[in-house]
Amino acid sequence: MVFDLTEEQRMIQEMARNFAQKEVLPKAAELDETSRFPEELVGQMAELGLMGVAVPEEYGGAGMDNICYVIAMEEIARACASTAVIMSVNNSLVCDPILKFGTEEVKKKYLAPLASGRKLGCFGLTEPGAGSDAGSQKTTAVRNSDHYVVNGTKNFITNAPQADACVLFTMTDKEKQHKGITAFILDMNSKGVTVGKHEKKMGIRASATSSIILEEVKIPAENRLGNEGDGFKVAMHTLDGGRIGIAAQAIGIARASLEDALTYAKERKQFGQPIANFQAIQWMLADMATEIDAARLLAYRAAWLKDRKVRHSKESAMAKLYASEVAMRAGVKGIQVHGGYGYIKEYPAERHFRDAKITEIYEGTSEIQRMVISSALLKD
Ligand code: CAA
């Protein structure tokens, strides 16, 4: 077993860390405060190859492995969790399923601009009545010669207001339940597509979240990802990858809590000495660091399996479950180390805590991750 990063992995870590510290971190508080979409940062990430890290170069990506993707995500999330989720959705939930399930024509038309970051994507699975129960899709797609006519509403869609394309899930045969779900790539400029109001969120406030309303939208049949009825498996496969990205995001947020707490504990003096001298503080820092390392190892393992095309549903769910809960615990401890200063916006500790919470919810709640893990255990 080798724990060293490869040359390429070290290189992307250094590049992403430099970019995140110099360009992203100085803007993070303002982005959170104003809920401004960081268009300029997304443009810079595109230039650095961060919008399609594990997509082959022939399709516009950086042609790296999924461990590189996890490493880069952690660095961006350490600086700004909002910017990180914009990157994560485009990489994992949009580029990855098009790469795996798209025809050569679809890849040329949609994947190259998305993976190079010239265009941005979103993932349309969740509906008002289909959250954890992703199989109960109500959005319909009806075949009409060379196209499908789509009607329905998608909910809580990250990147929707800025997205050029959407990986969309529809019901083509409701009698067949989850086996009647079909996936498409939707051009967001199509007639009949409306983006709903921006949700006001507790955290990741600079990433935009909206509903998408679809009224008599025509999608060409060649935009189908897989066959009719394959959609649920497309969604689950995609989320197996996406959960690795969210684990990495959670690790980055947890690291932000730890690193800010370390800095503060060395500077803040009480009882005539830095509070870092007190064992009560040291123990919190030690627990945070240990858990972050453990979460990172889980995420690297899941990414390593994905690179080897080995089924990794359980390992991705474990990584996301553990990393997101670590991010929450680190967020709580980070505030505690800061005392009263942790509770006010002058310090970033409270932002990390608010940003951490969503990682326990999106791309499958912690309860869903436990279902995925236990169902794999019981099958073994
Ligand atoms: N890969 C391939 N196939 C899979 C699979 C996987 N990971 N998981 C399940 N399947 C297959 C099963 O083998 C089964 O196939 P058959 O019908 O041929 O036997 C089929 O799918 C149904 O499987 P289940 O019976 O396990 O399905 P279920 O209805 O019980 O649901 C679930 C499983 C895990 C709860 C699933 O619905 C789920 O993951 N829900 C959470 C949804 C979610 O994560 N949503 C996130 C929205 S996106 C988002 O959050 C983006 C963002 O904002 C950043």
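Tutor: Domain 2 (121–231) and domain 3 (232–379) each give residues to the shell around the ligand, so the ligand lies between these two domains. Please keep in mind that this is a predicted model.

Let us begin with the residues themselves. There are 24 residues around the ligand, and those that come nearest are Ser132, Thr158, His178, Asp240 and Glu363. Sorted by class, the shell consists of 11 nonpolar, seven polar and six charged residues.

At Ser132, a polar backbone atom is 2.8 Å from a nitrogen atom of the ligand. At Lys179, the side chain is involved: one of its N or O atoms is 2.8 Å from an oxygen atom of the ligand. At Ser313, a polar side-chain atom lies 3.2 Å from a nitrogen atom of the ligand. On its own, the ligand has 1,100 Å² of accessible area, and the protein covers 73% of that area.

Which elements give two or more residues to the shell around the ligand? They are helix 4 (81–101), helix 6 and helix 10 (366–379). Helix 6 gives the most, with six residues.

In the model as a whole, the count of aromatic pairs comes to six. One of these pairs joins Tyr264 and Tyr341: the ring centres are 6.4 Å apart, the planes form an angle of 50°, and the pair is tilted. Tyr264 belongs to helix 6 (residues 231–267), whereas Tyr341 belongs to the loop between helix 8 (313–338) and helix 9 (349–358); the pair therefore ties together parts that are 77 residues apart in sequence. Tyr264 also pairs with Tyr347; here the ring centres are 5.5 Å apart and the planes stand at 85°, so this pair is edge-to-face. Because Tyr347 lies in the loop between helix 8 and helix 9 while Tyr264 lies in helix 6, this pair ties together parts that are 83 residues apart in sequence.

Tyr341 is partly exposed, its relative accessible area being 35%. Tyr347 is likewise partly exposed, at 26%.

Two further positions complete the account. Gly226 is found in the loop between strand 8 (224–225) and helix 6. With a relative accessible area of 22%, Gly226 is partly exposed. Although Gly226 and Thr182 are 44 residues apart along the chain, their C-alpha atoms are separated by 7.8 Å. Val372, for its part, has its place in helix 10, and helix 10 is one of the elements that give two or more residues to the shell around the ligand. The relative accessible area of Val372 is 22%, so this residue is partly exposed. Val372 and Ser316 are 56 residues apart in sequence, and their C-alpha atoms are 9.5 Å apart in space.

Methods:
Residues are numbered from 1 along each chain as its sequence is written. This is a predicted model: local features need pLDDT of at least 70, side-chain atom pairs count only at pLDDT 80 or more; totals for chains, interfaces and linings use all residues. Side-chain values use heavy atoms; hydrogens and water are left out. Rings of Phe, Tyr and Trp (its six-membered ring) pair if their centres lie within 6.5 Å; planes under 30 degrees apart count as stacked, over 60 as edge-to-face and the rest as tilted. Helices (H or I, at least four residues) and strands (E, at least two) are DSSP runs, numbered from the N terminus. Buried means under 20% relative accessible area, exposed over 50%, partly exposed in between (1.4 Å probe, protein chains only). A residue is near a molecule or strand if one of its heavy atoms lies within 4 Å of it. A polar contact is a pair of N or O atoms within 3.5 Å; within protein, one must be able to donate a hydrogen and the other to accept it, and residues adjacent in sequence count only if both atoms are side-chain atoms. Accessible areas come from the Shrake-Rupley method with a 1.4 Å probe; for residues, only the protein chains shown count as cover. Ala, Val, Leu, Ile, Met, Phe, Trp, Tyr, Cys and Pro count as nonpolar, Asp, Glu, Lys and Arg as charged, and the others, Gly among them, as polar. Domain bounds come from an automatic or database domain assignment.
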